[in-house]
Amino acid sequence: MHSWFEFLRIDAGLAMCFIDCARLRSNPMEAARSVENARKALAEIHRCLMHPSRAGLNENEVFFLEQRCMEIEAALATF
């Protein structure tokens, strides 16, 4: 069985993938949809980081996810 950390790690990767897709889209509506998907993934990670013990996250996992959130937020700031 996969842990919440694995799910959130994948979510962070998907968020960055959505951001990369948004950069490549020539259609502004499609780019906006990709950015919104990245924001949704980021919001899910933030929700779990609000109560890390509920998600069974240890300190190292929380640190990793916080770092990824900062990377995602920085990338989203370019839009």
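A: Let's start with Phe 64, which is partly exposed at a relative accessible area of 33%; buried would mean under 20%, exposed over 50%, and partly exposed lies in between, using a 1.4 Å probe and protein chains only. This is a predicted model, where local features need pLDDT of at least 70, side-chain atom pairs count only at pLDDT 80 or more, and totals for chains, interfaces and linings use all residues. Residues are numbered from 1 along each chain as its sequence is written, and side-chain values use heavy atoms, with hydrogens and water left out.

Rings of Phe, Tyr and Trp (its six-membered ring) pair if their centres lie within 6.5 Å; planes under 30 degrees apart are stacked, over 60 edge-to-face, and the rest tilted. That rule gives two aromatic pairs. In one, the ring centres of Trp 4 and Phe 7 are 5.4 Å apart with planes at 90°, so this pair is edge-to-face. Both belong to helix 1 (residues 4–24), and being three residues apart puts about one helical turn between them; helices here are DSSP runs (H or I, at least four residues), numbered from the N terminus. Trp 4 is partly exposed at 43%, and Phe 7 is partly exposed at 40%.

Now back to Phe 64: its ring and that of Phe 5 have centres 5.6 Å apart and planes at 70°, so they too are edge-to-face. This pair links distant parts of the chain, since Phe 5 lies in helix 1 and Phe 64 in helix 3 (residues 59–76), 59 residues apart. Phe 5 is buried, with 12% relative accessibility.

Technical notes:
Helices (H or I, at least four residues) and strands (E, at least two) are DSSP runs, numbered from the N terminus.
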